[in-house]
Amino acid sequence: QGQRKEISQPVIIRPDLTFLFDIDPKISLARLTGRDEMEKFETLANLRLVRENYLAIAKDASQFRIIDSGKSLEEVTESVWKIISQHLGL
């Protein structure tokens, strides 16, 4: 797995910031209750695994900023703008 990351390393442009919008899988599933169909990967077990994997990636990469997207849209937006403003020194 580590070797696959190395193959494209020479051509990767690393972003200054990467936002990871993190949400508890139970909250995520609750937000989907109004949909007619669920995707096959939208199970609690799968969402937990995906979340764990992304959080592990974010832990090892300094450009990641984790946003609690279980909050309201206004709070999420405020968090993002705060991080961008700090990053730009505004």
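This is a predicted model: local features need pLDDT of at least 70, side-chain atom pairs count only at pLDDT 80 or more; totals for chains, interfaces and linings use all residues.
Residues are numbered from 1 along each chain as its sequence is written, and side-chain values use heavy atoms, with hydrogens and water left out. Local features need pLDDT of at least 70 and side-chain atom pairs count only at pLDDT 80 or more, whereas totals for chains, interfaces and linings use all residues.

The structure holds one salt bridge, defined as a side-chain nitrogen of Lys or Arg within 4 Å of a carboxyl oxygen of Asp or Glu. Side chains of opposite charge can pair when their charged atoms come close. Here the partners are D22 and R51, at 2.6 Å from N to O. D22 lies in strand β1 (residues 18-22) and R51 in helix α3, so the pair ties together parts that are 29 residues apart in sequence. Helices (H or I, at least four residues) and strands (E, at least two) are DSSP runs, numbered from the N terminus. D22 is buried, with a relative accessible area of 14%, while R51 is partly exposed at 28%. Buried means under 20% relative accessible area, exposed over 50%, and partly exposed in between (1.4 Å probe, protein chains only).

Two further buried residues were examined. S28 is in helix α2 (residues 25-31) and has a relative accessible area of 19%. Not counting residues up to four places away in sequence, S28 touches I23 and L47; contact means heavy atoms within 4.5 Å. E42 is found in the loop between α2 and α3 and is buried at 12% relative accessibility. With neighbours within four places in sequence left aside, E42 is in contact with L29, L32, R35 and L47. The C-alpha atoms of E42 and S72 are separated by 22 Å, the two residues being 30 apart along the chain.

Two surface patches are described next. Patches are made of residues with over 30% relative accessible area and no salt bridge, joined within 9 Å for like charges and within 5 Å for nonpolar side chains (Val, Leu, Ile, Met, Phe, Trp, Tyr). V50, Y54 and I57 form a nonpolar patch with about 260 Å² of accessible area together, by the Shrake-Rupley method with a 1.4 Å probe, only the protein chains shown counting as cover for residues. Y54 is in helix α3 (residues 44-59) and is partly exposed at 45%.

D68, E74, E75 and E78 form a negative patch. Asp and Glu count as negative and Lys and Arg as positive, with His and the chain ends not counted; the place of a charge is NZ of Lys, CZ of Arg, CG of Asp or CD of Glu. Helix α4 (residues 73-88) gives the most to this patch, with three residues. E75, in helix α4, is partly exposed at 41% relative accessibility.
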